[in-house]
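Dear colleague,

Please find the structure below, handed over for your records. My findings follow it.

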Amino acid sequence: MHHHSPGRHHPRPRRRALLPRLLCAPFALILLAAEPGGSGETIPLDGQRSGARLDVTLTRVVDPAVPATDGTGTGAERLVSVTLRLENTGTVPYEDSPAPATHLLDTDGRRFTGTDEPTPAGAGFPAPLVLAPGDSADGSVTFRLPSDARPAAVQFALDAGLADDVGHWGLP
């Protein structure tokens, strides 16, 4: 009888160990994404519509996004480019313009809204971007910052940036 006892009790601790991990997973993602160097983290985000959901990954930050040798990377302003990967994990199509839904925060607390301004750092998203459930797209969003601004974080939300669920990636 003792041989059966360990077998019966073995799966039970596994289930108990998984439950706290599953419950903590959303909080762990938020904490990990807010750490310096959070680029590369994927954050699942919900939109305002039922079934609207994206997995969003910050894959690259280019600062400055234009080589200083061409004259536009110096002076009072500079361009910063962030590349995002958007994957529609929801049940309804995603149709939005990602650039204005993306914001960059600097170390002084200033907030800059993304644009579709082209740079050599990467192709932007089509506006509007339409993703069927299961589809994904990569694109760059450009920010025009004062030359003295130091980027601190990138934020993204569905529904033109108005959804309550906001992805936040801390930058080193």
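**Core and sheet**

In this predicted model, the largest nonpolar core has 31 residues, of which Leu 54, Val 56, Leu 84, Leu 86, Tyr 94, Phe 156 and Leu 158 touch the most other members. A nonpolar core is here a set of buried Ala, Val, Leu, Ile, Met, Phe, Trp, Tyr and Cys residues joined through side-chain atoms within 4.5 Å; buried means under 20% relative accessible area, with a 1.4 Å probe and protein chains only. At least two residues of this core come from each of β1, β2, β3 (77-88), β7 (129-131), β8 and β9 (151-157). Strands are DSSP runs (E, at least two residues), numbered from the N terminus.

Numbering of residues starts from 1 along each chain as its sequence is written.

Leu 54 is in contact (heavy atoms within 4.5 Å) with Ile 43, Pro 44, Leu 45, Leu 86, Glu 87, Asn 88, Thr 89, Tyr 94, Leu 131, Phe 156 and Leu 158, leaving aside its neighbours within four places in sequence. Leu 45 stands opposite Leu 54, which is in β2. The strands β1 and β2 (residues 53-62) pair in the antiparallel sense over 5 bridges; pairing requires that DSSP finds at least two bridges between two strands.

Four strands form an open sheet in the order β1-β2-β3-β8, with antiparallel pairing. Because β1 (42-46) and β8 (136-146) stand at the edges, each with a single partner strand, one side of each is left without a neighbour in the sheet. On average, neighbouring strands of this sheet are turned by 30° against each other, direction ignored, with axes fitted as lines to C-alpha atoms.

**Two buried polar residues**

Thr 142 belongs to strand β8 and is buried, at 2% relative accessible area. A polar atom of the Thr 142 side chain lies 2.6 Å from the backbone oxygen of Glu 117. Beyond four places in sequence, Thr 142 touches residues including Leu 79, Val 80, Ser 81 and Thr 113.

Ser 81, in strand β3, is also buried, with a relative accessibility of 0%. Its contacts outside four places in sequence include Arg 60, Ala 65, Thr 119, Ser 140 and Thr 142.

Yours sincerely

Key:
This is a predicted model: local features need pLDDT of at least 70, side-chain atom pairs count only at pLDDT 80 or more; totals for chains, interfaces and linings use all residues. Side-chain values use heavy atoms; hydrogens and water are left out. Axes are lines fitted to C-alpha atoms, for helices over the stretch in contact, and angles run from 0 to 180 degrees between N-to-C directions. Buried means under 20% relative accessible area, exposed over 50%, partly exposed in between (1.4 Å probe, protein chains only). A polar contact is a pair of N or O atoms within 3.5 Å; within protein, one must be able to donate a hydrogen and the other to accept it, and residues adjacent in sequence count only if both atoms are side-chain atoms.
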